[in-house]
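User: Please take me through the fold and the helix packing of this protein, one question at a time.

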Amino acid sequence: MVGTLGFLGLLVLLGLIGYCLVNTRTRTIARHTWRAAFRFRFFWVMAVLLIAAVVGLPMVIKGDGSAEGLTQILITYTLSFAFFFLAVGSLWMAAGSLAQDIEDAQMQMIATKPIARWQIWMGKWIGIMALNVVLLAIVGVSVLGVVEYRAQRLTVEELERIKDQQ
(Lines give C-alpha, C1' and ligand atoms only; values in the text may rest on other atoms or scores of the structure.)
Protein backbone atom coordinates (compact mmCIF):
# COMPACT_ATOMS: atom_id res chain seq x y z
CA MET A 1 0.00 0.00 0.00
CA VAL A 2 2.76 2.47 0.95
CA GLY A 3 4.80 1.52 -2.12
CA THR A 4 1.81 2.15 -4.38
CA LEU A 5 1.16 5.55 -2.80
CA GLY A 6 4.83 6.46 -3.16
CA PHE A 7 4.79 5.45 -6.82
CA LEU A 8 1.61 7.45 -7.43
CA GLY A 9 3.15 10.44 -5.66
CA LEU A 10 6.22 10.16 -7.88
CA LEU A 11 4.01 10.05 -10.98
CA VAL A 12 2.12 13.13 -9.82
CA LEU A 13 5.39 14.97 -9.16
CA LEU A 14 6.78 14.01 -12.57
CA GLY A 15 3.52 15.12 -14.18
CA LEU A 16 3.70 18.46 -12.38
CA ILE A 17 7.32 18.97 -13.44
CA GLY A 18 6.41 18.03 -17.02
CA TYR A 19 3.52 20.50 -17.00
CA CYS A 20 5.80 23.22 -15.65
CA LEU A 21 8.41 22.53 -18.32
CA VAL A 22 5.78 22.87 -21.04
CA ASN A 23 4.24 26.00 -19.48
CA THR A 24 5.96 29.13 -20.82
CA ARG A 25 5.47 31.05 -17.57
CA THR A 26 7.37 28.59 -15.40
CA ARG A 27 10.05 28.19 -18.05
CA THR A 28 10.51 31.96 -18.03
CA ILE A 29 10.92 31.93 -14.25
CA ALA A 30 13.42 29.04 -14.56
CA ARG A 31 15.37 30.95 -17.23
CA HIS A 32 15.40 34.01 -14.97
CA THR A 33 16.80 31.84 -12.17
CA TRP A 34 19.59 30.64 -14.50
CA ARG A 35 20.45 34.21 -15.43
CA ALA A 36 20.53 35.16 -11.77
CA ALA A 37 22.88 32.23 -11.06
CA PHE A 38 25.35 33.47 -13.64
CA ARG A 39 24.87 37.13 -12.67
CA PHE A 40 25.65 36.31 -9.01
CA ARG A 41 28.55 34.11 -10.19
CA PHE A 42 26.91 31.30 -8.23
CA PHE A 43 27.47 28.74 -10.97
CA TRP A 44 31.19 29.43 -11.31
CA VAL A 45 31.80 29.48 -7.55
CA MET A 46 29.98 26.18 -7.14
CA ALA A 47 31.82 24.61 -10.09
CA VAL A 48 35.20 25.61 -8.64
CA LEU A 49 34.24 24.36 -5.14
CA LEU A 50 33.01 21.05 -6.49
CA ILE A 51 36.04 20.46 -8.70
CA ALA A 52 38.33 21.39 -5.80
CA ALA A 53 36.52 18.90 -3.56
CA VAL A 54 36.44 16.09 -6.11
CA VAL A 55 39.91 16.52 -7.59
CA GLY A 56 41.80 18.11 -4.70
CA LEU A 57 40.54 15.98 -1.84
CA PRO A 58 41.84 12.63 -3.16
CA MET A 59 45.21 14.28 -3.77
CA VAL A 60 45.38 15.54 -0.17
CA ILE A 61 43.94 12.51 1.64
CA LYS A 62 46.15 9.49 1.24
CA GLY A 63 44.61 6.06 1.44
CA ASP A 64 46.30 2.80 2.19
CA GLY A 65 47.62 2.63 -1.39
CA SER A 66 45.17 -0.02 -2.52
CA ALA A 67 42.42 0.27 -5.10
CA GLU A 68 39.87 -0.29 -2.33
CA GLY A 69 41.33 2.62 -0.37
CA LEU A 70 41.11 4.86 -3.41
CA THR A 71 37.51 3.83 -3.99
CA GLN A 72 36.66 4.46 -0.35
CA ILE A 73 38.11 7.96 -0.52
CA LEU A 74 36.39 8.78 -3.81
CA ILE A 75 32.98 7.51 -2.77
CA THR A 76 32.91 8.49 0.86
CA TYR A 77 34.69 11.80 1.02
CA THR A 78 34.49 13.43 -2.38
CA LEU A 79 30.88 12.60 -3.13
CA SER A 80 29.86 13.55 0.41
CA PHE A 81 31.53 16.93 0.00
CA ALA A 82 29.97 17.34 -3.45
CA PHE A 83 26.46 16.66 -2.21
CA PHE A 84 27.03 18.90 0.81
CA PHE A 85 28.14 21.77 -1.45
CA LEU A 86 25.17 21.18 -3.77
CA ALA A 87 22.70 21.19 -0.86
CA VAL A 88 24.12 24.33 0.73
CA GLY A 89 24.47 25.97 -2.67
CA SER A 90 20.84 25.23 -3.53
CA LEU A 91 19.68 26.87 -0.32
CA TRP A 92 22.01 29.81 -0.89
CA MET A 93 20.84 30.29 -4.48
CA ALA A 94 17.15 29.94 -3.61
CA ALA A 95 17.31 32.41 -0.75
CA GLY A 96 19.55 34.85 -2.61
CA SER A 97 17.52 34.75 -5.80
CA LEU A 98 14.22 35.22 -4.01
CA ALA A 99 15.60 38.01 -1.82
CA GLN A 100 17.06 39.77 -4.85
CA ASP A 101 13.75 39.50 -6.71
CA ILE A 102 11.92 41.02 -3.76
CA GLU A 103 14.54 43.76 -3.28
CA ASP A 104 14.50 44.75 -6.96
CA ALA A 105 10.65 44.70 -6.95
CA GLN A 106 10.68 42.06 -9.67
CA MET A 107 8.59 39.76 -7.49
CA GLN A 108 5.85 42.39 -7.26
CA MET A 109 5.91 42.76 -11.03
CA ILE A 110 5.75 38.98 -11.54
CA ALA A 111 3.03 38.51 -8.92
CA THR A 112 0.72 41.00 -10.67
CA LYS A 113 0.90 38.98 -13.90
CA PRO A 114 -1.55 36.14 -14.46
CA ILE A 115 0.77 33.54 -12.95
CA ALA A 116 0.01 31.50 -9.86
CA ARG A 117 2.32 31.58 -6.88
CA TRP A 118 2.97 27.84 -7.19
CA GLN A 119 4.17 28.42 -10.76
CA ILE A 120 6.66 30.99 -9.48
CA TRP A 121 7.93 28.51 -6.89
CA MET A 122 8.08 25.65 -9.40
CA GLY A 123 9.91 27.83 -11.93
CA LYS A 124 12.51 28.75 -9.32
CA TRP A 125 12.79 25.12 -8.22
CA ILE A 126 13.19 23.82 -11.78
CA GLY A 127 15.85 26.45 -12.51
CA ILE A 128 17.84 25.55 -9.40
CA MET A 129 17.49 21.81 -9.98
CA ALA A 130 18.65 22.22 -13.60
CA LEU A 131 21.74 24.04 -12.30
CA ASN A 132 22.32 21.16 -9.87
CA VAL A 133 22.06 18.62 -12.70
CA VAL A 134 24.72 20.48 -14.70
CA LEU A 135 26.97 20.80 -11.65
CA LEU A 136 26.46 17.12 -10.82
CA ALA A 137 27.48 16.21 -14.38
CA ILE A 138 30.67 18.21 -13.84
CA VAL A 139 31.26 16.25 -10.62
CA GLY A 140 30.71 12.95 -12.45
CA VAL A 141 33.19 13.83 -15.19
CA SER A 142 35.70 14.97 -12.55
CA VAL A 143 35.35 11.75 -10.54
CA LEU A 144 35.80 9.72 -13.72
CA GLY A 145 38.92 11.72 -14.55
CA VAL A 146 40.37 11.20 -11.08
CA VAL A 147 39.66 7.46 -11.21
CA GLU A 148 41.29 7.16 -14.62
CA TYR A 149 44.31 9.18 -13.49
CA ARG A 150 44.75 7.15 -10.31
CA ALA A 151 44.17 3.85 -12.13
CA GLN A 152 47.09 4.66 -14.43
CA ARG A 153 49.31 5.08 -11.38
CA LEU A 154 48.54 1.68 -9.81
CA THR A 155 51.58 -0.51 -9.31
CA VAL A 156 52.04 -3.85 -11.04
CA GLU A 157 51.64 -5.69 -7.70
CA GLU A 158 48.32 -3.96 -7.05
CA LEU A 159 47.06 -4.80 -10.55
CA GLU A 160 48.03 -8.47 -10.05
CA ARG A 161 46.25 -8.54 -6.69
CA ILE A 162 43.08 -7.08 -8.25
CA LYS A 163 43.18 -9.67 -11.07
CA ASP A 164 43.64 -12.49 -8.56
CA GLN A 165 40.56 -11.36 -6.58
CA GLN A 166 38.34 -11.57 -9.66
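User: Among contacts with a sequence separation of 6 or more, what share comes from residues 24 or more positions apart?
Analyst: This is a predicted model, in which local features need pLDDT of at least 70, side-chain atom pairs count only at pLDDT 80 or more, and totals for chains, interfaces and linings use all residues. Residues are numbered from 1 along each chain as its sequence is written, and side-chain values use heavy atoms, with hydrogens and water left out. A contact means heavy atoms within 4.5 Å, and of the contacts with a separation of 6 or more, the share from residues 24 or more positions apart is 82%.

User: How many helices and strands does the protein have, and what percentage of its residues is buried?
Analyst: Helices (H or I, at least four residues) and strands (E, at least two) are DSSP runs, numbered from the N terminus. On that basis the order of elements is α-α-α-α-α-α-α, with 7 helices and 0 strands. Buried means under 20% relative accessible area, exposed over 50% and partly exposed in between, with a 1.4 Å probe and protein chains only; of the 166 residues, the buried part is 33%.

User: How do α3 and α6 pack, and how is their contact divided by residue class?
Analyst: The axes, which are lines fitted to C-alpha atoms over the stretch in contact, with angles from 0 to 180 degrees between N-to-C directions, lie 10 Å apart at an angle of about 25 degrees. α3 passes α6 in a right-handed crossing, a crossing being right-handed if the near helix is turned clockwise from the far one by less than a right angle and left-handed if anticlockwise. Taking Ala, Val, Leu, Ile, Met, Phe, Trp, Tyr, Cys and Pro as nonpolar, Asp, Glu, Lys and Arg as charged, and the others, Gly among them, as polar, the residues of this contact divide into 18 nonpolar, 1 polar and 1 charged.

User: Is Ser 142 buried or exposed?
Analyst: Ser 142 lies in helix α6, which spans residues 117-152. Leaving aside neighbours within four places in sequence, Ser 142 is in contact with Ile 51, Val 54 and Val 55. Its relative accessibility is 12%, so Ser 142 counts as buried.

User: How far apart in space are Val 146 and Val 55, C-alpha to C-alpha?
Analyst: Val 146 also lies in helix α6, and at 4% relative accessibility Val 146 counts as buried. Not counting residues up to four places away in sequence, Val 146 touches Val 54, Val 55, Pro 58 and Leu 74. Although Val 146 and Val 55 are 91 residues apart in sequence, their C-alpha distance is 6.4 Å.

User: How does the contact of α2 with α6 divide by class?
Analyst: α2 and α6 pack at an angle of about 50 degrees with their axes 7 Å apart, which means that α2 is oblique to α6. Their crossing is right-handed. By class, the residues of this contact are 10 nonpolar, 6 polar and 2 charged.

User: Is Lys 124 buried or exposed?
Analyst: Lys 124 has its place in helix α6. Beyond neighbours within four places in sequence, Lys 124 is in contact with Ile 29, His 32, Thr 33, Ser 97, Leu 98 and Asp 101. At 8% relative accessibility, Lys 124 counts as buried.

Technical notes. Parallel < 35°, antiparallel > 145°, perpendicular 65-115°, else oblique.
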